[in-house]
Amino acid sequence: MRILSAAAAALIVLVGASPAAAQSRADSWRDRWVGTMGGEVGVATDNRSKFASKSGGDPAALAGVYAVTPDGAWYVEGEAETIRDSSGSDAEVTFAAGWRPRAFGADFDLSAARKVRVGAVPGTDTEAWEFTADGERAIGPFEGRLRLQQSPDGAGSTGAWVYFEVRLRWDVAPRWTLDAQVGTRDYEDDADDYSGASLGAIYAATDRLELDLRLVETDRAGEDGDPALVLSVISGF
């Protein structure tokens, strides 16, 4: 009986709440969650992820959209990119959400992503979760980043894996940035572990157009790990 009385009292309070209070809560919600929206489209001579090719060395295209809260702390995004997979899939779609806190003088980015391969042979494992933790810090013209990624079960026959990467960027001129990365990917079964590195030059042609030219190399067996000179052109909107 006491539970019913408490529920009734709560209902009366909610129903009797002033429109001004309700509007205040709605405004607060909008202030926190309705922020900037945008996106990007791009093409590349090779779709490289964690240094390995996802397009078999063929050219690739991508398109994505995002929404960020006004304080820049929370975001959601979606992306589609062309790939070439043994399952028969030629595209991958990613949905992600993340949080970007700042602490100890560094910027962090913690996110969870759901990846889905499109058009694969029926019965193929086409979905995977991917979790990312980034830590970034800028000192003058230099910016360093540590990245840790993990998947409990990759798409296809890939099991669990962990990826670790170190990146250093140097703003050498107003529109020019040099970029160096080294990383390693360890699989649960240890059969396909590999390391990779890249060295690139990034040119911001405009505030919304970026060109990225880089040399990528891995010790991974097969054509998806072969050294390559990769050119990417990305346009934001």
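**View 1. The largest nonpolar core of the protein has nine residues.** Its members are Phe51, Ala52, Trp161, Tyr163, Tyr187, Tyr194, Val216, Ala228 and Val230. Strand S11 and strand S15 (228-236) each supply at least two residues of this core. A nonpolar core here is a set of buried Ala, Val, Leu, Ile, Met, Phe, Trp, Tyr and Cys residues joined through side-chain atoms within 4.5 Å. Buried means under 20% relative accessible area, exposed means over 50%, and partly exposed lies in between (1.4 Å probe, protein chains only). Strands (E, at least two residues) and helices (H or I, at least four) are DSSP runs, numbered from the N terminus.

A word on the model itself: it is predicted, so local features need pLDDT of at least 70 and side-chain atom pairs count only at pLDDT 80 or more, while totals for chains, interfaces and linings use all residues. Residues are numbered from 1 along each chain as its sequence is written, and side-chain values use heavy atoms, with hydrogens and water left out.

**View 2. Here we meet Tyr187, a member of the core, and its contacts.** Contact means heavy atoms within 4.5 Å. With neighbours within four places in sequence set aside, Tyr187 touches Thr158, Ala160, Trp161, Asp192, Asp193, Tyr194 and Arg220.

**View 3. Two phenylalanines, Phe51 and Phe104, have positive phi values.** Most residues other than glycine have a negative phi. For Phe51, phi is near 80°, and the residue sits in the loop between strand S2 (48-49) and strand S3 (52-53). Phe51 counts as buried because its relative accessible area is 5%. For Phe104, phi is near 55°; this residue lies in the loop between strand S7 (102-103) and strand S8 (106-118). Phe104 counts as exposed because its relative accessibility is 77%.

**View 4. On the surface, a nonpolar patch is formed by Phe142, Leu168, Trp170, Val172, Trp176 and Leu178.** Together they have about 560 Å² of accessible area, from the Shrake-Rupley method with a 1.4 Å probe, where for residues only the protein chains shown count as cover. Nonpolar side chains (Val, Leu, Ile, Met, Phe, Trp, Tyr) are joined within 5 Å, and like charges within 9 Å. Strand S11 (161-173) and strand S12 (176-187) each supply at least two patch residues, with S11 giving the most, three. Phe142 belongs to strand S10 (residues 142-151).

Technical notes
Patches are made of residues with over 30% relative accessible area and no salt bridge: like charges are joined within 9 Å, nonpolar side chains (Val, Leu, Ile, Met, Phe, Trp, Tyr) within 5 Å. A salt bridge is a side-chain nitrogen of Lys or Arg within 4 Å of a carboxyl oxygen of Asp or Glu.
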